[in-house]
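Trainee: Could we go through this model together, one contact at a time?
Mentor: Gladly, let's have a look.

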Amino acid sequence: MPPLVTLTTDFGLKDAYVAAMKGAMLHVEPSLRIVDVTHQVDPQDVMGAAFVLLQVIPFYPEGTVHLVVVDPDVGSARLPIAGRFEGHLFVGPDNGLLSLLLRGSEPDQVVVLDQRSFWRTEQPARTFNARDLFGPVAAHLASGRALDEVGTPTDTFRRLHWAHPLADDEGIQGFVVHIDRFGNCVTNISREVIEKDPRSRHAKCYVGSTIIEGVHDTYTDVPQGEPLALLGSSNHLEVGVNGGNAATLLTIHKGSPVSLVYGDG
Amino acid sequence: MPPLVTLTTDFGLKDAYVAAMKGAMLHVEPSLRIVDVTHQVDPQDVMGAAFVLLQVIPFYPEGTVHLVVVDPDVGSARLPIAGRFEGHLFVGPDNGLLSLLLRGSEPDQVVVLDQRSFWRTEQPARTFNARDLFGPVAAHLASGRALDEVGTPTDTFRRLHWAHPLADDEGIQGFVVHIDRFGNCVTNISREVIEKDPRSRHAKCYVGSTIIEGVHDTYTDVPQGEPLALLGSSNHLEVGVNGGNAATLLTIHKGSPVSLVYGDG
Amino acid sequence: MPPLVTLTTDFGLKDAYVAAMKGAMLHVEPSLRIVDVTHQVDPQDVMGAAFVLLQVIPFYPEGTVHLVVVDPDVGSARLPIAGRFEGHLFVGPDNGLLSLLLRGSEPDQVVVLDQRSFWRTEQPARTFNARDLFGPVAAHLASGRALDEVGTPTDTFRRLHWAHPLADDEGIQGFVVHIDRFGNCVTNISREVIEKDPRSRHAKCYVGSTIIEGVHDTYTDVPQGEPLALLGSSNHLEVGVNGGNAATLLTIHKGSPVSLVYGDG
C-alpha cells in the first residue's frame with residue numbers, strides 16, 4: 001500500500017500553490033498517493049478547515065498523513081508542528097487546528113518541525129512554508145520517518161475550542177458552522193446532544209426565516225420544496241430543503257442561530 | 001494495470017463529501033486509480049451528469065467503473081444499482097441516468113445492490129450513500145468482483161429519455177443542453193441528424209439574439225469575435241463565438257431553442 | 001518512478017474536457033502519474049498559463065512532461081509542438097507559451113508533432129486537439145519516447161515576450177500580472193530588479209488607491225489589515241494586505257500599474 005497524504009488548504013485551484021507543493025512532495029517520495037480534501041477553505045478560516053477534515057479522517061486508514069495549511073501567520077514566529085492522534089498524523093502550522101481535530105482529547109505526540117534536513121531548503125520562502133517545509137515533511141512522514149526524526153517533542157501547542165451548543169430543560173441553542181454546496185446548513189448541535197433528550201426529536205426548530213417541526217433522518221422525509229431539520233451524514237443537526245437550497249430559501253448564513261425548543265409536548 | 005474508477009457527482013469541491021467517499025473506496029482497494037470527471041454537475045441535474053459522462057466514456061478502457069452520484073432521492077426507497085454496458089460498468093442510484101447513457105440500447109446486465117457485505121457499513125447514513133454504499137461497491141467491482149456478487153439481477157430500472165430534435169423538410173429544431181466554460185452552447189442536434197440532410201450545412205441557424213449562416217468545423221472558420229454554428233468535439237451542433245463567450249454575447253441559456261432552417265437554397 | 005505529466009489548461013472543471021483528455025492519456029500509458037496544475041486559466045490567456053507554470057516547473061523532477069493547452073486557434077493552421085528545455089518537456093499548441101517559459105534562453109530541441117501514429121486518431125476533432133493529439137503525445141513522451149520519434153525538428157516557433165518593468169534612477173515601473181486567490185497582486189517586477197538598487201527596499205510603492213512604504217518579506221511584517229509590498233514566493237514584487245484581500249481593498253486589477261519611487265532617502 002502506497003503512503004497516503006490528504007491535503008486541506010485555502011490555496012484555491014487557479015494559482016500555482018497546490019501544484020508547486022505537490023511537486024516538492026513527489027520529489028521526496030515519488031510513490032506518494034495524494035488525495036485532495038479541498039483547497040477551497042475560506043481564506044484563513046482555521047475552524048472551517050477543521051470542520052471539513054473531521055468528516056474525512058474516519059474514512060482513511062491508520063497511518064494516513066493529513067497535511068492542513070491554513071496559515072494566516074505564515075512568516076511570523078508561529079511554529080510548524082506535526083502530531084499523532086488516533087493513529088493518524090497531522091502536519092501544519094501551529095494555528096490551533098490540531099486541537100480542533102482532537103475535540104478535547106490529547107494527542108499521542110506533538111513535535112515542533114525543526115529538523116531542516118527534511119525541508120526542501122534550509123531557507124524556506126517566508127510566505128510559502130507549504131511548499132518548502134510542510135509538504136516535504138508530510139512526504140517524509142508518509143514514507144515512514146518517525147515524528148521524533150523530523151522534529152522535537154513539545155507539550156505546548158495552540159488550543160482552540162469548538163463552541164458547544166447550550167442545552168437546558170427548555171431546549172438546545174446552537175448555530176450554523178458550515179453551509180454545503182447544496183445549501184444545507186450544518187450546525188454545531190451533535191447527534192449526541194440531540195439524543196440525550198428524547199423530546200428533541202419532536203422539538204420546534206427556529207432557524208433563519210422559518211420554524212420547522214421535528215428532527216428527521218433524510219431530505220425525502222418531507223415533501224419536495226419543504227424545509228426540514230435532520231441528523232445528516234456529519235452526525236450534526238442540519239437544516240435543509242428537500243430538492244432545494246436551504247441557505248438561500250430560508251436566509252441562513254454561517255453563524256446564524258439555530259434553536260430547538262421542546263414546547264409542552 | 002490498476003483498477004480504474006471515474007467519479008461524476010454534484011458534490012462540489014469545498015465540502016468533505018468527495019474526500020470521504022474516496023477514503024471509503026481506498027479502504028476497499030488501496031491500489032485504486034480514481035479519475036474525477038467532475039463534481040460540479042448542477043445540484044440534482046441527472047441529465048447534465050449524463051451529458052458530460054457520455055463525452056468521457058469512449059476514451060476510457062473497457063472494464064472502467066463509472067460511479068455517478070446525483071441523488072435527489074437519497075434516503076428514499078429508490079434503489080442502488082449497478083450495470084454493465086458496452087464493456088463499461090456503471091454504479092449509482094436508480095435515477096434514470098443509466099438509461100441516458102444507453103441511448104436506447106439495452107444493458108448487458110443490471111443488478112440491485114443488496115449485498116450489504118460489500119458496503120462500508122450495514123447501516124449507511126441515509127443522506128450519504130456515496131460514501132457508505134456506492135463508493136465501496138464501485139471499488140469492489142473495479143478490483144474484480146462480479147456484478148452478481150455485489151447485487152441481484154433485475155430487469156427493471158428507471159428509464160429517462162433524451163429529448164430528440166425535430167427534423168422535417170423545413171429544417172431541424174432543437175435546444176441547448178449544455179453551456180461549457182468558454183460559453184460554447186452545445187445542442188441536442190447530433191452530427192447524424194445534421195449529416196442526414198446535406199442542406200443543413202448551409203442552413204440558417206436561429207439562436208438567442210442572432211441568426212448565423214452555415215455549419216462549420218472549428219471556431220477559427222469565422223473571423224475573431226464572430227458567432228458561428230459548428231459540429232464540435234461532442235459530435236453535436238454547438239453555437240460559439242471565435243475568441244468569445246457565445247452564451248453571454250448572444251444571450252443563450254440552457255434550454256434555449258436552436259433552429260436550423262434550410263431556406264430556398 | 002512512474003512517468004509524470006502536469007496539466008495546465010483553460011478547460012475548467014465542470015465540462016468533460018479534462019476527463020476525456022486524461023482517458024486518452026491513460027489509454028497510452030496506464031501507469032501515468034498526472035498532476036493537475038490548474039484548469040482555471042482565464043479562457044485563452046496564454047500569458048496567464050505561463051505565469052502559473054513558471055512557479056511550478058522548478059519543483060518537479062527532470063523529465064517531467066508539462067502539457068499546456070490554452071488554444072485560441074484550435075483547428076486553424078497553428079502547429080502542434082513539443083520541446084525540451086532545462087531537462088523538462090513541453091507539449092502544446094504553438095501559441096508562444098514555450099517561449100514565455102524559456103524567458104529568453106533557447107530550448108534544447110523543438111519538434112512539430114507530425115507523427116500521427118502517436119495520436120489517438122489520424123483525424124483529430126478540429127476543436128479538441130488536447131484529447132486527440134496533445135494528451136496522447138504527452139503520454140508517449142512521459143513513457144520514454146524521444147522527441148524526434150513523435151515529431152520533426154524545427155527551428156521556428158512562435159515567440160512572445162514578457163513585458164519587462166522599466167527601471168531608471170528614479171525608481172521602477174511595472175504592472176500587476178496575476179491576482180491570486182487571497183487577493184495578493186503579483187507584479188512583473190522581479191527580485192533581481194529589486195535587488196539591483198538597494199534604495200528599492202525603502203521606496204514608496206504607488207499602486208491602486210494607496211501608497212505603501214518599503215518592501216517587506218512576509219505579510220505579518222505589518223499590522224493586521226495593513227497593506228504592504230513584499231517579495232513573495234514567486235520571487236516577484238507582490239502587493240498584499242495582512243489578513244485581507246489587497247485586490248478588493250485597494251482596487252487593484254490585472255494590468256494595474258505599480259511604481260516604486262526612490263525619493264530623496
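Trainee: How many residues of domain 1 of chain A are in contact with domain 2 of chain A?
Mentor: Keep in mind that this is a predicted model. The assignment for chain A places domain 1 at 4–153 and domain 2 at 166–261, and their C-alpha centres lie 32 Å apart. On the domain 2 side, five residues take part, and they are in contact with a domain 1 group that numbers five residues.

Trainee: Which residue forms a salt bridge with Lys254(A)?
Mentor: Between the two domains of chain A the count is two salt bridges. For Lys254(A), the closest N and O atoms are 3.5 Å apart, inside the 4 Å cut-off. The partner is Asp42(A).

Trainee: What area is buried between chain A and chain B?
Mentor: Happy to take that one! The contact draws 30 residues from chain A and 36 residues from chain B. Carbon and sulfur atoms give 56% of the buried area, and the total is about 2600 Å².

Trainee: Which element gives the largest share of the side of chain A that touches chain B?
Mentor: Two elements give two or more residues to that side, strand S2 (33–38) and strand S9 (171–179) of chain A. The largest share is five residues, and it comes from S2(A).

Terms used
Residues are numbered from 1 along each chain as its sequence is written. Chains are lettered from A and ligands numbered from 1 in the order in which they are written. This is a predicted model: local features need pLDDT of at least 70, side-chain atom pairs count only at pLDDT 80 or more; totals for chains, interfaces and linings use all residues. Side-chain values use heavy atoms; hydrogens and water are left out. Contact means heavy atoms within 4.5 Å. Buried area is the accessible area (1.4 Å probe) that two parts lose on being put together, summed over both. Helices (H or I, at least four residues) and strands (E, at least two) are DSSP runs, numbered from the N terminus. Domain bounds come from an automatic or database domain assignment. A salt bridge is a side-chain nitrogen of Lys or Arg within 4 Å of a carboxyl oxygen of Asp or Glu.
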